Amino acid sequence: MKLFVGSRNATIFKISGLVLISVACFFLGKHWSEDGFRRLIFFSADPSRSPIVALSPDFGKTYNISGLIYESHPISPPPLTPPPPPDSVELKVFGIVNENGTMSDQFQIGDYDADSAETLGNQTESESSDGDIESTATTTARVSVRKFEICSENLTDYIPCLDNLEAIKRLNSTERGERFERNCPKEGLELNCTVPIPRGYQSPIPWPRSRDEVWFNNVPRTRLVEDKGGQNWIYKENDKFKFPGGGTQFIHGADQYLDQISKMIPDISFGNHTRVVLDIGCGVASFGAYLMSRNVLTMSMAPKDVHENQIQFALERGVPAMVAAFTTRRLLYPSQAFDLVHCSRCRINWTRDDGILLLEVNRMLRAGGYFVWAAQPVYKHERALEEQWEVMLNLTTRLCWVLVKKEGYIAIWQKPTNNTCYLSRDAGVMPPLCNSEDDPDSVWYVDLKACITRIDDHGYGANLAPWPARLQTPPDRLQTIQIDSYIARKELFLAESKYWKEIISNYVNALHWKQIGLRNVLDMRAGFGGFAAALAELKVDCWVLNVVPVSGPNTLPVIYDRGLLGVMHDWCEPFDTYPRTYDLLHAAGLFSIERKRCNMTTTMLEMDRILRPGGRVYIRDTINVMSELQEIGNAMRWHTSLRETAEGPHASYRVLLCEKRFESSDTKHRTKKKRKGKGKRA
């Protein structure tokens with residue numbers, strides 16, 4: 001009997017011990033998971049169904065599809081000056097694995113809560129008596145940021161890296177246009193105030209009306225009217241500028257001009273074979289504005305020269321545009337980016353320095369793409385102009401371009417589709433082919449190179465599906481992106497597209513993105529361009545400039561192969577555009593990475609500079625940066641709201657919704673100043 005009782009007690013003791021160990025493991029696992037370790041991902045085990053991934057309800061605690069493209073290497077602590085992009089990166093493998101252990105794009109994104117999206121103030125913010133917003137839902141330490149002053153009125157149109165007069169004065173030479181290049185303020189001299197708006201500024205006229213007219217007070221500059229009024233560019237009528245659609249070389253209108261080009265070369269096929277175009281020396285961008293109706297995206301570019309507000313007019317019209325110039329550095333676009341490059345009286349000497357500027361066009365022009373030149377040497381029979389034509393013809397022949405059509409004042413060349421012509425040239429013919437080690441997609445502060453960019457031997461960049469199929473077709477150049485995920489690249493591309501389409505679908509429904517007048521959009525960390533692709537597929541009537549930060553992998557070739565626009569940039573420095581450019585700024589996972597090398601306050605002030613009054617900002621990032629970002633936003637007089645993602649309160653990501661309300665701009669600040677002044681005088 002004693003033996004039996006002893007045995008039973010031992011059994012009970014063992015069971016109790018197992019229970020205690022199990023409970024302890026459960027709580028330890030819960031503690032570690034809440035401290036940032038990844039939660040488990042559970043897979044469907046139903047053999048009757050196709051393999052799908054089912055994620056735990058709070059899977060988003062550390063998981064961000066778009067971020068997978070960038071989470072490739074650690075970044076050093078903030079240096080005194082922004083470091084250049086690394087030559088090599090430590091890479092990790094990321095992907096979505098199904099129950100069979102293979103890569104898959106089958107996953108689900110939780111719905112966005114429409115009710116909570118409608119009520120921005122629900123348990124996440126409170127307003128002080130003067131209308132300023134204070135966060136009450138942040139989970140990290142509070143930071144205090146003083147209200148930023150309004151800059152002086154002479155900075156209304158300020159572009160920091162292009163208006164740095166002190167740096168321009170110190171240049172050794174300006175004969176090749178160095179004064180139009182980026183000359184950014186030194187550390188400590190960055191903008192530390194919010195740029196004012198012009199007096200009488202109004203909410204921009206919505207697209208498509210803005211193609212033909214904009215408010216005078218939004219861009220109160222008449223120089224172009226005085227210089228170009230007779231060329232059908234622009235004229236002033238009462239309180240508006242009007243745009244008849246003409247240009248120096250197409251005074252009868254851009255539509256007629258585009259029809260002529262289409263008849264000359266039917267294979268150009270705007271909106272089908274030709275989707276992405278570069279317009280050099282664009283004026284007020286009527287060429288690009290009228291291509292919009294033909295399903296063509298045009299990057300309109302011009303320097304900030306004597307006609308310094310031409311790009312500002314283009315942006316106010318709702319047309320993609322950037323301030324840029326052909327000088328001594330590569331433009332910030334990848335190789336084989338554009339299906340067609342256009343220059344109509346763009347005032348560029350293409351043959352100087354043995355054609356180094358045309359070699360830059362050749363780098364950016366897609367294999368088999370077209371160069372359209374409308375200029376006096378094409379059609380005038382003056383001796384000097386005829387000589388210029390002969391020099392141009394000689395240069396293009398050495399570049400293996402074929403003159404496919406010359407009609408009236410237009411000449412059109414086509415770039416070869418492979419390297420055969422280059423390799424069969426006589427020995428010593430200049431310019432030479434670039435070395436095989438040259439990276440034609442390396443563009444950040446890279447000097448122009450006097451050599452011909454090689455065309456990829458595999459045909460990458462040339463064999464594209466027509467638009468719109470190319471938007472969702474994984475391009476061949478996925479294989480050239482420097483991420484260690486060779487087999488999974490296509491799945492990662494499709495996963496990012498699906499991820500953003502489901503999120504943007506919810507934004508469109510819950511936040512009424514089709515009704516709030518979004519036109520000019522900037523994605524500050526674009527990945528493969530999934531955010532822009534979702535907006536295009538959901539037919540939101542806007543255009544997106546996809547920014548690829550220098551701190552991550554260069555995905556620009558993929559973005560352009562999809563038929564989208566993009567540019568390389570370092571967010572430690574100002575962006576090359578005018579104030580009040582964008583209606584929406586989107587930043588997913590940007591600050592948690594760039595805070596290690598950039599000043600977040602400086603970046604946020606730059607965002608305020610380029611954001612229109614009434615514009616919106618969506619920041620999707622980790623919790624540990626949100627408190628500071630919200631405080632900075634409040635200090636800039638934004639209306640801010642911190643929201644949970646669909647993954648719930650335990651997820652490590654939050655969404656910061658911001659609005660630069662019209663009444664919170666410098667108009668409100670000036671009113672306060674006047675009131676204070678009256679009180680002092682009394």
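This is a predicted model: local features need pLDDT of at least 70, side-chain atom pairs count only at pLDDT 80 or more; totals for chains, interfaces and linings use all residues.

Trainee: Which residues of helix 14 make the contact with helix 13?

Mentor: Helix 13 contributes E496, W500, K501 and I504. By class, the contact has 5 nonpolar, 1 polar and 3 charged residues. On the side of helix 14, the residues are G530, F531, A534, L535 and E537.

Trainee: What is the geometry of the aromatic pair formed by W500 and F531?

Mentor: W500 lies in helix 13 and F531 in helix 14, so the pair ties together parts that are 31 residues apart in sequence. Both W500 and F531 are buried. The ring centres are 5.8 Å apart and the planes stand at 90°; angles over 60 degrees count as edge-to-face, and the pair of W500 and F531 is accordingly edge-to-face.

Trainee: How far apart in sequence are the parts tied together by W513 and Y618?

Mentor: The ring centres of W513 and Y618 are 5.2 Å apart with planes at 80°, so this pair is edge-to-face. W513 belongs to the loop between helix 13 and strand 15 (520-523), and Y618 to strand 19 (residues 611-622). The pair therefore ties together parts separated in sequence by 105 residues.

Trainee: Is W513 buried or exposed?

Mentor: The cut-off for buried is under 20% relative accessible area. W513 has 1% relative accessibility and therefore counts as buried.

Conventions: Residues are numbered from 1 along each chain as its sequence is written. Side-chain values use heavy atoms; hydrogens and water are left out. Contact means heavy atoms within 4.5 Å. Helices (H or I, at least four residues) and strands (E, at least two) are DSSP runs, numbered from the N terminus. Ala, Val, Leu, Ile, Met, Phe, Trp, Tyr, Cys and Pro count as nonpolar, Asp, Glu, Lys and Arg as charged, and the others, Gly among them, as polar. Rings of Phe, Tyr and Trp (its six-membered ring) pair if their centres lie within 6.5 Å; planes under 30 degrees apart count as stacked, over 60 as edge-to-face and the rest as tilted. Buried means under 20% relative accessible area, exposed over 50%, partly exposed in between (1.4 Å probe, protein chains only).
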